[in-house]
Amino acid sequence: MEEYIVSARKYRPSAFDAVVGQEALTTTLKNAIASGKLAHAYLFCGPRGVGKTTCARIFAKTINCLHPLPNGEACDACESCQAFNEQRSLNIQELDAASNNSVEEIRALIEKVRIPLQIGRYKVFIIDEVHMLSTAAFNAFLKTLEEPPSYVIFILATTEKHKILPTILSRCQVYDFNRMSVPTIVNHLKFVAEREGYSYEPEALNIIAQKADGGMRDALSIFDQTVSFTEGHLTYKKVIENLNVLDYDYYFRLVDHFLKNEVPQCMLVFNEILEKGFEGGHFITGLASHLRNLLVSRDAVTLPLLEVSDNIKARYQEQAQKCTPKFLYKAIKLCSDCDLNYRASKNKRLLVEITLIQLAQLTLEDDNASSGRSPELKLKPLFTQPAETAHSAAAPVKAQEPQASGEKVASTVREATARYEVHPSPLPSAEPTERKIPKIKLNTIVPSIRRLSQGTDRQADAEPQPKAATPPSPPTVKVPQEEENYPVSEDNISFYWHEFINLLPKEETAMAQRMKVIRPKLLKEEQFEVVVENEQVKHYMEQIAPRVEKHMRKSLHNRNISMTVRIAESTEIVHITSKPQQYQAMSQKNPSLQKLKETFGLELA
C-alpha cells in the first residue's frame with residue numbers, strides 16, 4: 001500500500017511560480033535574486049497557512065542554485081537543489097522558535113553562524129514563529145542579526161508581528177503576506193481535485209474555501225477531511241453536513257417569509273435549525289451575512305464582492321430584486337443588534353425569536369409611515385380578531401319609546417353615564433370646570449337670610465297652581481370657568497426653578513449648569529426677574545423663558561406668571577476669586593458664621 005501524504009504536504013509549492021495568492025511578494029523576491037540585491041535579514045509575517053515558510057524555503061533553495069533558470073527559478077538539477085529536495089542540505093537550517101526560545105538556543109545558533117560555508121553560496125537560517133523568543137533571546141540575537149557574515153542570510157517567519165521587538169523589525173526587510181481570497185482557494189482546490197481524480201461541485205469547493213478563512217493549508221486539510229467523508233464525490237449537501245454549515249436554503253426561505261410577513265413560518269424554520277444542533281448566535285450572524293449579500297447583489301457594480309459560486313450568485317440576484325434597500329438596511333440593523341446582545345441575554349432563544357418577529361413585520365404598511373435610520377423596536381399583533389366576533393361583541397341598540405316624565409329621562413341619562421368611570425387627571429387642569437367656593441364674611445350673610453325668609457313666606461301664602469306637562473328640557477352643559485390664581489412667593493419661585501432644572505434632559509446639561517447659579521427674584525405679585533452676566537446668557541435664557549413660564553404656571557396654579565431677563569449692572573456682579581472673599585460672602589448670608597469665628601478664635605487657612 002502506497003504511503004498516504006496529506007494534500008497540504010503533497011502539493012506544497014517548490015518554486016515561486018507554484019505559490020498561490022502571493023504574486024507580488026514572489027515577484028519581488030525573484031527580482032532581488034536576479035539582480036543580486038539580497039538583504040542579510042528578512043521577516044515574513046502574515047496569517048497562518050498563507051505560504052510564509054514555503055516561500056522562505058524556495059528563496060533559500062533558489063539563492064543556492066548553481067545553475068538558475070532565466071526566469072529566476074531554481075534548476076532542480078544541480079547538487080544544491082538535489083540536496084534541498086532530499087532534505088540533506090547543510091546550507092539551509094530551520095529553527096522552531098516556539099520550542100527553542102531560550103538564550104542558550106540562540107547562542108548555539110550564533111556558534112553555527114560562525115562556521116564558514118563548505119559548498120554553495122549562502123548559509124540560510126529560517127527561524128519559524130520567531131515571536132515566541134524570549135526578551136533575553138531577542139537581545140542576545142540583536143548583534144548577530146545586524147552584522148552577520150557575508151555568507152549568512154536570516155529569514156524570520158511569524159504570525160504575530162506586533163510581538164516582535166522594534167529593534168528586530170528595524171534590522172529586517174519586512175514582507176507582509178496577504179490572506180487568500182475565496183476564488184483563489186477554489187481554483188487551487190479544483191486543481192488538486194482534478195489531479196487526484198475526485199468529482200466535485202463548485203458549491204462544495206466554495207464552502208470549503210469559506211471555511212478555511214483565507215488559509216490555503218486549512219483549505220487543503222478540510223478538503224482531505226471532506227474527501228474521506230464523501231469517498232471522493234464532493235457534493236454540496238454532503239460537504240455542509242460534514243462541516244456542520246448552515247445551508248443557504250434556510251436563509252433564502254426566511255427572507256421569503258419576511259417579505260410575506262409570515263411570522264409562524266419563521267419560527268418553525270428557526271426551530272428546525274436548532275434541532276439540527278446549530279446555535280442561535282451562529283444562525284443570526286449567518287442571517288446578517290445573507291442580508292449583506294442581498295444588499296450587495298442589488299447593484300451590478302458591487303456584485304463581484306460576492307464570494308459564492310455562480311449558481312448561488314444567481315439566486316442572490318433573483319431574491320435581491322424582491323427586497324427594497326430600506327428593508328435590507330433595517331433588517332441588517334436588527335440582526336446586528338441581536339448579535340451584540342446575544343452573549344449578555346439569559347434567554348437567547350427568545351431574543352432571536354423576537355428579532356425574527358420584527359424582521360417579519362418590516363414590510364407591513366404601518367412601517368411605510370415611519371422614517372429614520374434605525375427600525376422601530378415594536379411588535380405588532382400577530383393575530384387579528386375576526387370581523388364576525390367583533391360584530392357580535394357589540395350589542396344591538398334598540399329604540400326606546402319616548403318617556404312621558406322628565407324624571408324617567410333624567411334617570412336614563414344617569415344610568416347611561418354611570419357605565420363609564422371617569423378618573424381625574426393627576427395634573428392641574430388648564431381650564432377647570434368648577435370654581436372654588438369663595439370665603440364670605442359673616443355680616444354679609446344676614447341680608448341674604450332676610451330675603452330668603454321673606455321669599456319663603458310669600459311662597460307659603462300662594463297656592464300651588466297646576467302646570468301643563470311640558471317635555472323635559474335638554475341637559476345643560478356647564479361652561480368651564482377660569483381657575484383662581486394662587487398667590488406667589490419668592491420661595492415658591494426658587495423651588496420650582498430648581499425643579500425645572502432637574503427636569504431638563506441630558507442634551508441641555510450646559511443650560512442646567514447656567515441656571516443653577518442664577519437666583520430668580522420676585523418683582524411684582526406675578527412677575528419674577530432673572531439677572532444674567534452677559535448678552536449671550538441672556539439670549540439663551542430668553543429662548544428657554546416660555547418653557548420656564550409654562551412650568552411655573554402649571555406648578556403654582558397661576559396663569560399670569562411671567563419671567564423677565566436682564567443683564568446685571570457692573571455693581572451687581574461680584575466675582576469671588578479668593579478664600580477671604582468667599583468667607584465674606586458666606587458670612588453676609590449667615591451672620592452666625594462670624595459669631596462662630598469670634599467665639600472660638602478661628603482663622604482662615
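Trainee: So, is Arg566 buried, partly exposed or exposed?

Mentor: Arg566 is partly exposed, because its relative accessible area is 25%. Keep in mind that this is a predicted model.

Trainee: Which residue does Arg566 form a salt bridge with?

Mentor: With Glu529, and the closest N and O atoms of the pair are 2.5 Å apart. The two sit in distant parts of the chain, 37 residues apart: Glu529 is in strand S9 (residues 527–532), and Arg566 is in strand S10 (residues 562–567).

Trainee: And Glu529, buried or exposed?

Mentor: Glu529 has 11% relative accessibility, so it counts as buried. The cut-off for buried is under 20%.

Trainee: OK. How many salt bridges turn up in the whole structure?

Mentor: A search finds 22 of them. One is between Lys161 and Asp176, where the closest N and O atoms are 3.7 Å apart. That pair ties together parts 15 residues apart in sequence, because Lys161 is in the loop between strand S4 (152–158) and helix H7 (166–169), while Asp176 belongs to strand S5 (residues 173–176).

Trainee: How accessible are those two, Lys161 and Asp176?

Mentor: Lys161 comes out at 32% relative accessibility, so it is partly exposed. Asp176 is at 42%, which also makes it partly exposed.

Trainee: What about Arg253, which residue does its side chain meet in a salt bridge?

Mentor: Glu272, at 3.6 Å from N to O. Here the pair ties together parts that are 19 residues apart in sequence, because Arg253 lies in helix H12 (residues 248–259) and Glu272 in helix H13 (residues 263–275). Arg253 is partly exposed at 28% relative accessibility, and Glu272 is partly exposed too, at 29%.

Trainee: Let's zoom out. How many helices and strands are in the protein chain?

Mentor: There are 26 helices and 10 strands. The chain has 605 residues, and 35% of them count as buried.

Trainee: Which residues have the most contacts inside the largest nonpolar core?

Mentor: Phe223, Phe258, Phe283, Leu287 and Leu359, in a core of 67 residues. Take Leu287: beyond its neighbours within four places in sequence, it touches Tyr251, Phe258, Cys335, Leu356 and Leu359.

Trainee: Now the surface. Which residues form a nonpolar patch there?

Mentor: Tyr4, Ile5 and Val6 do, with about 290 Å² of accessible area together. Ile5 is in the segment before helix H1 (7–10). Its relative accessible area is 38%, so Ile5 is partly exposed.

Trainee: Last one. Where does Thr54 lie, and is it buried or exposed?

Mentor: Thr54 lies in helix H3 (residues 52–63). It is buried, because its relative accessible area is 10%.

Trainee: What is Thr54 in contact with, leaving aside its neighbours in sequence?

Mentor: If you skip the neighbours within four places, Thr54 contacts Arg12 and Pro13. With Arg12 there is also a polar contact between the side chains, at 2.9 Å.

Notes:
Residues are numbered from 1 along each chain as its sequence is written. This is a predicted model: local features need pLDDT of at least 70, side-chain atom pairs count only at pLDDT 80 or more; totals for chains, interfaces and linings use all residues. Side-chain values use heavy atoms; hydrogens and water are left out. Helices (H or I, at least four residues) and strands (E, at least two) are DSSP runs, numbered from the N terminus. Buried means under 20% relative accessible area, exposed over 50%, partly exposed in between (1.4 Å probe, protein chains only). Patches are made of residues with over 30% relative accessible area and no salt bridge: like charges are joined within 9 Å, nonpolar side chains (Val, Leu, Ile, Met, Phe, Trp, Tyr) within 5 Å. Accessible areas come from the Shrake-Rupley method with a 1.4 Å probe; for residues, only the protein chains shown count as cover. A salt bridge is a side-chain nitrogen of Lys or Arg within 4 Å of a carboxyl oxygen of Asp or Glu. A polar contact is a pair of N or O atoms within 3.5 Å; within protein, one must be able to donate a hydrogen and the other to accept it, and residues adjacent in sequence count only if both atoms are side-chain atoms. Contact means heavy atoms within 4.5 Å. A nonpolar core is a set of buried Ala, Val, Leu, Ile, Met, Phe, Trp, Tyr and Cys residues joined through side-chain atoms within 4.5 Å.
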